[in-house]
Amino acid sequence: MSELVRAELRRVDWASLRCGCGDSAEHVPLMFEAIITAETPQDMIGYTLEGHVEESTIIFECTPPAVGVIMAALAGDLSALARGVLLQTLSFVAAGSGDHEPESEGAGLGDACRARAQEGFWRLLHLGLTGAAEDAETVADICEFFELGGDKAALYQAALRERMRAKTKRGR
């Protein structure tokens, strides 16, 4: 695990945050470490961000700092497996809003997560434009949830979707 990820994990008082499982988020760093260092799907058995950081598009108090960890991890070298899991989690988070919160506060969690992810916009685009077809598709979805609007969003989403189609055709 990179020093950047370790620093991002240390920056947060996870025990003070509520996790999606209902407990404190104190165990979330262990989940990240298992996912980021996994070499095979078997290495991840029992370790998931689903139900902790997100539950489909429902996000929790620990989710905004978790996005910082995801973005730090995506900035480094990852296995295709770990990158795919983190991008998929980010996709759910980018579409999400908080649960068990007043509507305005739940929306605030979603906005905070999207803002953190947008800080790494160029890194996400790079991953989508140079990675696997699945990565391109997931990054295109994430960009759609950012609601950037205008020519910039249309251009990059089209480039990502074309990359996805081209990689899928070559893979057959």
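Predicted model: local features only at pLDDT ≥ 70, side-chain atom pairs only at ≥ 80, totals over all residues.

Residues are numbered from 1 along each chain as its sequence is written, and side-chain values use heavy atoms, with hydrogens and water left out.

Let me start with the core. By a nonpolar core I mean a set of buried Ala, Val, Leu, Ile, Met, Phe, Trp, Tyr and Cys residues joined through side-chain atoms within 4.5 Å, and here buried means under 20% relative accessible area, exposed means over 50%, and partly exposed is in between, with a 1.4 Å probe and protein chains only. The largest such core has 46 residues, and those with the most contacts inside it are Trp14, Val28, Phe32, Leu74, Leu86, Leu90 and Leu124. Helices α1 (3–10), α2 (28–37), α3 (63–74), α4 (80–94), α5 (103–118), α6 (121–130) and α7 (133–146) each supply at least two residues of this core, where helices (H or I, at least four residues) and strands (E, at least two) are DSSP runs numbered from the N terminus. Which helix gives the largest share of this core? That is α3, from which eight residues come. As a general remark, in soluble globular proteins nonpolar side chains tend to be buried together.

If we pick out leucine 74 and leave aside its neighbours within four places in sequence, we find it in contact, meaning heavy atoms within 4.5 Å, with Arg83, Leu86, Leu87, Leu90, Arg123, Leu124 and Leu127.

Now to the helix contacts. The axes are lines fitted to C-alpha atoms, for helices over the stretch in contact, and the angles run from 0 to 180 degrees between N-to-C directions. Helices α2 and α4 pack at an angle of about 135°, with their axes 7 Å apart. That makes α2 oblique to α4, since angles under 35 degrees count as roughly parallel, over 145 as roughly antiparallel, 65 to 115 as roughly perpendicular and the rest as oblique. On the α2 side we see Phe32, Ile35 and Ile36, which meet Ala82, Val85 and Leu86 in α4. By class, this contact of α2 with α4 has six nonpolar, no polar and no charged residues; here Ala, Val, Leu, Ile, Met, Phe, Trp, Tyr, Cys and Pro count as nonpolar, Asp, Glu, Lys and Arg as charged, and the others, Gly among them, as polar.

The axes of α6 and α7 come within 8 Å and cross at roughly 150°, and therefore α6 and α7 are roughly antiparallel to each other. By class, the contact of α6 with α7 has nine nonpolar, one polar and one charged residues.

Aspartate 135 lies in helix α7 and, at 7% relative accessibility, counts as buried. Not counting residues up to four places away in sequence, aspartate 135 touches Arg83, Gly84, Leu87, Leu127 and Gly128. Arginine 83, in turn, has its place in helix α4 and also counts as buried, at 19% relative accessibility.

Let me turn to the aromatic rings. Rings of Phe, Tyr and Trp (its six-membered ring) pair if their centres lie within 6.5 Å, and planes under 30 degrees apart count as stacked, over 60 as edge-to-face and the rest as tilted. The structure holds three aromatic pairs. One of them joins phenylalanine 121 and tryptophan 122, edge-to-face, at 5.0 Å centre to centre and 75° between the planes. Phenylalanine 121 is buried at 6% relative accessibility, whereas tryptophan 122 is exposed, with a relative accessible area of 52%. The rings of tryptophan 122 and tyrosine 156 have centres 5.7 Å apart and planes at 85°, so this pair is edge-to-face. Because tryptophan 122 lies in helix α6 and tyrosine 156 in helix α8 (residues 150–171), the pair ties together parts that are 34 residues apart in sequence.
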